[in-house]
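Please take a look at the model shown here. The paragraphs after it go through the structure one part at a time.

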Amino acid sequence: MTPIPDIDALPKVMGEDGEFHATDEAVDLSGTPVEAWAALLFFWALGLTVFYQFFTRYVMNDSAAWTEEIARYLLIATVFVGAAIGVAKNNHIQVDFFYRFMPPWLGRAMALLTDVLRIAFLAGAVGLTWQMMDKMGNYKMTIVDLPMNLVYGVCLVGFAAMCVRSIWVMRVHVKRGYSVLERPESTIEDR
(Lines give C-alpha, C1' and ligand atoms only; values in the text may rest on other atoms or scores of the structure.)
Protein backbone atom coordinates (compact mmCIF):
# COMPACT_ATOMS: atom_id res chain seq x y z
CA MET A 1 0.00 0.00 0.00
CA THR A 2 1.47 3.36 -1.01
CA PRO A 3 1.59 6.05 1.63
CA ILE A 4 -0.55 9.14 1.14
CA PRO A 5 1.71 12.10 0.29
CA ASP A 6 1.68 15.20 2.44
CA ILE A 7 -0.35 17.82 0.56
CA ASP A 8 1.80 20.65 1.86
CA ALA A 9 4.94 18.95 0.47
CA LEU A 10 3.57 18.91 -3.10
CA PRO A 11 4.46 21.72 -5.56
CA LYS A 12 2.36 24.84 -5.13
CA VAL A 13 0.11 25.83 -8.00
CA MET A 14 -1.72 28.71 -6.34
CA GLY A 15 0.28 31.83 -5.59
CA GLU A 16 -0.08 34.30 -2.81
CA ASP A 17 -2.23 36.42 -5.15
CA GLY A 18 -4.88 33.66 -5.29
CA GLU A 19 -4.18 32.89 -8.97
CA PHE A 20 -3.12 29.55 -10.39
CA HIS A 21 0.47 29.48 -11.60
CA ALA A 22 0.75 26.06 -13.22
CA THR A 23 3.07 25.79 -16.18
CA ASP A 24 2.95 23.10 -18.82
CA GLU A 25 5.90 21.52 -20.51
CA ALA A 26 6.65 22.66 -24.03
CA VAL A 27 4.94 20.56 -26.68
CA ASP A 28 7.43 18.89 -29.01
CA LEU A 29 5.89 17.48 -32.19
CA SER A 30 9.21 16.85 -33.95
CA GLY A 31 9.02 13.09 -33.33
CA THR A 32 5.54 12.75 -34.81
CA PRO A 33 5.66 10.33 -37.76
CA VAL A 34 4.24 11.36 -41.13
CA GLU A 35 1.55 8.67 -40.77
CA ALA A 36 0.20 10.45 -37.71
CA TRP A 37 -0.20 13.72 -39.61
CA ALA A 38 -1.97 11.91 -42.45
CA ALA A 39 -4.27 10.10 -40.01
CA LEU A 40 -5.02 13.41 -38.27
CA LEU A 41 -5.91 14.97 -41.63
CA PHE A 42 -8.29 12.11 -42.47
CA PHE A 43 -9.77 12.26 -38.97
CA TRP A 44 -10.49 15.99 -39.24
CA ALA A 45 -12.01 15.52 -42.70
CA LEU A 46 -14.18 12.77 -41.20
CA GLY A 47 -15.22 15.02 -38.32
CA LEU A 48 -16.13 17.88 -40.65
CA THR A 49 -18.07 15.54 -42.93
CA VAL A 50 -20.06 14.10 -40.02
CA PHE A 51 -20.71 17.61 -38.68
CA TYR A 52 -21.96 18.68 -42.12
CA GLN A 53 -24.18 15.60 -42.23
CA PHE A 54 -25.58 16.41 -38.77
CA PHE A 55 -26.11 20.06 -39.72
CA THR A 56 -27.92 19.31 -42.98
CA ARG A 57 -30.04 16.56 -41.43
CA TYR A 58 -31.17 18.19 -38.19
CA VAL A 59 -30.83 21.93 -38.86
CA MET A 60 -31.65 22.19 -42.56
CA ASN A 61 -33.96 19.12 -42.50
CA ASP A 62 -32.48 18.03 -45.85
CA SER A 63 -29.66 15.54 -45.41
CA ALA A 64 -26.79 15.60 -47.87
CA ALA A 65 -26.71 12.12 -49.38
CA TRP A 66 -22.97 12.05 -50.12
CA THR A 67 -21.88 12.48 -46.51
CA GLU A 68 -22.74 8.92 -45.44
CA GLU A 69 -20.57 7.34 -48.11
CA ILE A 70 -17.67 9.76 -47.79
CA ALA A 71 -17.67 9.44 -43.98
CA ARG A 72 -17.40 5.66 -44.33
CA TYR A 73 -14.43 5.95 -46.67
CA LEU A 74 -12.72 8.56 -44.49
CA LEU A 75 -13.07 6.22 -41.52
CA ILE A 76 -11.44 3.45 -43.56
CA ALA A 77 -8.61 5.83 -44.48
CA THR A 78 -8.14 6.88 -40.85
CA VAL A 79 -7.91 3.27 -39.71
CA PHE A 80 -5.50 2.06 -42.39
CA VAL A 81 -3.15 5.02 -42.12
CA GLY A 82 -3.47 5.00 -38.32
CA ALA A 83 -2.56 1.31 -38.19
CA ALA A 84 0.87 2.25 -39.52
CA ILE A 85 1.35 4.32 -36.36
CA GLY A 86 0.69 1.21 -34.26
CA VAL A 87 3.27 -0.70 -36.27
CA ALA A 88 5.81 2.12 -35.91
CA LYS A 89 5.30 2.18 -32.14
CA ASN A 90 5.21 -1.64 -32.07
CA ASN A 91 2.15 -1.62 -29.83
CA HIS A 92 -0.37 -3.76 -31.65
CA ILE A 93 -1.99 -6.59 -29.73
CA GLN A 94 0.47 -9.41 -29.03
CA VAL A 95 0.65 -12.49 -26.86
CA ASP A 96 3.87 -12.70 -24.89
CA PHE A 97 2.72 -15.25 -22.31
CA PHE A 98 4.60 -18.21 -23.81
CA TYR A 99 7.82 -16.22 -24.21
CA ARG A 100 8.16 -16.19 -20.43
CA PHE A 101 8.49 -19.96 -20.35
CA MET A 102 10.64 -20.48 -23.46
CA PRO A 103 14.39 -20.76 -23.35
CA PRO A 104 15.95 -17.45 -24.47
CA TRP A 105 17.26 -18.86 -27.76
CA LEU A 106 13.79 -20.17 -28.69
CA GLY A 107 12.13 -16.88 -27.68
CA ARG A 108 14.61 -14.97 -29.85
CA ALA A 109 13.97 -17.28 -32.82
CA MET A 110 10.20 -17.00 -32.39
CA ALA A 111 10.37 -13.20 -32.13
CA LEU A 112 12.44 -13.04 -35.31
CA LEU A 113 9.97 -15.38 -37.05
CA THR A 114 7.12 -13.14 -35.90
CA ASP A 115 8.83 -10.10 -37.44
CA VAL A 116 9.45 -11.94 -40.72
CA LEU A 117 5.87 -13.25 -40.89
CA ARG A 118 4.46 -9.78 -40.19
CA ILE A 119 6.51 -8.33 -43.05
CA ALA A 120 5.46 -11.16 -45.37
CA PHE A 121 1.79 -10.73 -44.45
CA LEU A 122 1.84 -6.99 -45.04
CA ALA A 123 3.79 -7.34 -48.30
CA GLY A 124 1.19 -9.89 -49.42
CA ALA A 125 -1.59 -7.47 -48.45
CA VAL A 126 0.07 -4.79 -50.59
CA GLY A 127 0.17 -7.18 -53.54
CA LEU A 128 -3.43 -8.30 -53.09
CA THR A 129 -4.66 -4.74 -52.75
CA TRP A 130 -2.81 -3.83 -55.95
CA GLN A 131 -4.49 -6.76 -57.75
CA MET A 132 -7.88 -5.67 -56.38
CA MET A 133 -7.32 -2.15 -57.69
CA ASP A 134 -6.35 -3.58 -61.08
CA LYS A 135 -9.53 -5.67 -61.24
CA MET A 136 -11.76 -2.78 -60.11
CA GLY A 137 -10.82 -0.72 -63.16
CA ASN A 138 -13.07 2.34 -63.41
CA TYR A 139 -15.69 1.16 -60.91
CA LYS A 140 -17.30 4.23 -59.34
CA MET A 141 -18.54 4.92 -55.82
CA THR A 142 -22.27 4.48 -55.24
CA ILE A 143 -23.37 8.10 -54.75
CA VAL A 144 -20.30 10.21 -55.44
CA ASP A 145 -18.92 10.02 -58.96
CA LEU A 146 -15.36 9.19 -57.93
CA PRO A 147 -13.37 6.02 -58.63
CA MET A 148 -13.41 3.35 -55.92
CA ASN A 149 -9.69 2.94 -56.49
CA LEU A 150 -9.21 6.08 -54.37
CA VAL A 151 -10.41 4.10 -51.35
CA TYR A 152 -8.35 1.05 -52.25
CA GLY A 153 -5.37 3.30 -52.98
CA VAL A 154 -5.48 4.63 -49.42
CA CYS A 155 -5.63 1.03 -48.16
CA LEU A 156 -2.64 0.21 -50.38
CA VAL A 157 -0.68 3.15 -48.97
CA GLY A 158 -1.63 2.09 -45.44
CA PHE A 159 -0.47 -1.49 -46.03
CA ALA A 160 2.73 -0.27 -47.67
CA ALA A 161 3.44 2.08 -44.75
CA MET A 162 2.82 -0.78 -42.30
CA CYS A 163 5.17 -3.01 -44.30
CA VAL A 164 7.94 -0.40 -44.38
CA ARG A 165 7.49 0.29 -40.67
CA SER A 166 7.60 -3.47 -39.96
CA ILE A 167 10.94 -3.72 -41.73
CA TRP A 168 12.18 -0.79 -39.64
CA VAL A 169 10.88 -2.43 -36.41
CA MET A 170 12.60 -5.72 -37.33
CA ARG A 171 15.88 -3.86 -37.90
CA VAL A 172 15.55 -2.28 -34.45
CA HIS A 173 14.86 -5.70 -32.90
CA VAL A 174 17.84 -7.31 -34.63
CA LYS A 175 20.14 -4.41 -33.75
CA ARG A 176 19.32 -4.37 -30.05
CA GLY A 177 19.07 -8.17 -29.74
CA TYR A 178 15.52 -8.51 -28.34
CA SER A 179 11.94 -7.59 -29.13
CA VAL A 180 9.02 -6.47 -27.04
CA LEU A 181 7.77 -10.07 -27.11
CA GLU A 182 10.84 -11.19 -25.20
CA ARG A 183 10.88 -8.17 -22.89
CA PRO A 184 7.30 -6.85 -22.53
CA GLU A 185 8.50 -3.97 -20.33
CA SER A 186 10.50 -2.50 -23.23
CA THR A 187 9.30 -0.09 -25.91
CA ILE A 188 10.50 0.58 -29.44
CA GLU A 189 12.34 3.68 -28.17
CA ASP A 190 14.66 1.51 -26.01
CA ARG A 191 17.91 1.14 -27.91
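Phe55 is partly exposed, because its relative accessible area is 33%. The terms for accessibility are set by cut-offs: buried means under 20% relative accessible area, exposed means over 50%, and partly exposed lies in between, with a 1.4 Å probe and protein chains only. By that scale Phe51 counts as exposed, because its relative accessibility is 53%. Both residues belong to helix H1 (residues 34–59), and being four residues apart there, they are separated by about one helical turn. Helices (H or I, at least four residues) are DSSP runs numbered from the N terminus, as are strands (E, at least two).

This is a predicted model, in which local features need pLDDT of at least 70, side-chain atom pairs count only at pLDDT 80 or more, and totals for chains, interfaces and linings use all residues. Residues are numbered from 1 along each chain as its sequence is written, and side-chain values use heavy atoms, with hydrogens and water left out.

How many aromatic pairs does a search of the whole structure find? The search finds six. Rings of Phe, Tyr and Trp (its six-membered ring) pair if their centres lie within 6.5 Å; planes under 30 degrees apart count as stacked, over 60 as edge-to-face and the rest as tilted. One of the pairs is made by Phe51 and Phe55, which are stacked, with 6.4 Å centre to centre and 25 degrees between the planes.

Phe97 and Phe98 form another aromatic pair, this one edge-to-face, with 5.3 Å between the centres and 80 degrees between the planes. Phe97 is partly exposed at a relative accessible area of 47%, while Phe98 counts as exposed at 54%. Ring pairs also bring in Phe101, so that Phe97, Phe98 and Phe101 are linked into a cluster.

Rings can also have a charge over them. The rule is that NZ of Lys or CZ of Arg is within 6 Å of the ring centre and within 35 degrees of the ring normal. Arg165 lies over the face of Trp168, at 5.6 Å from the ring centre. For Tyr178, the residue over the ring is Arg183, whose charged end sits 3.8 Å from the ring centre.

The axes of H1 and helix H2 (residues 66–89) come within 8 Å and cross at roughly 160 degrees. Axes are lines fitted to C-alpha atoms, for helices over the stretch in contact, and angles run from 0 to 180 degrees between N-to-C directions. H1 is therefore roughly antiparallel to H2. Angles under 35 degrees count as roughly parallel, over 145 as roughly antiparallel, 65 to 115 as roughly perpendicular and the rest as oblique. The contact of H1 with H2 has 18 nonpolar, five polar and three charged residues. Here Ala, Val, Leu, Ile, Met, Phe, Trp, Tyr, Cys and Pro count as nonpolar, Asp, Glu, Lys and Arg as charged, and the others, Gly among them, as polar.

Helix H3 (residues 104–136) and helix H4 (residues 149–176) have axes that come within 9 Å and cross at roughly 160 degrees. H3 and H4 are therefore roughly antiparallel to each other, and their crossing is left-handed. In the contact of H3 with H4 there are 22 nonpolar, five polar and three charged residues.

Cys155 is placed in helix H4 and counts as buried, at 8% relative accessibility. From Cys155 to Thr78 the C-alpha distance is 9.7 Å, although the two are 77 residues apart in sequence.

The loops remain. Asn61 is in the loop between H1 and H2, and its phi is near 55 degrees, a positive value in a residue other than glycine. Is Asn61 buried or exposed? Asn61 is exposed, because its relative accessible area is 69%. Asn90, in the loop between H2 and H3, also has a positive phi, near 55 degrees. Asn90 counts as buried, at 8% relative accessibility. In the loop between H3 and H4 is Val144, which is buried with a relative accessible area of 18%. Val144 and Ala65 are 79 residues apart in sequence, yet 9.0 Å apart in space, C-alpha to C-alpha.

Definitions and conventions: Left-handed = near helix turned anticlockwise from the far one by under 90°.
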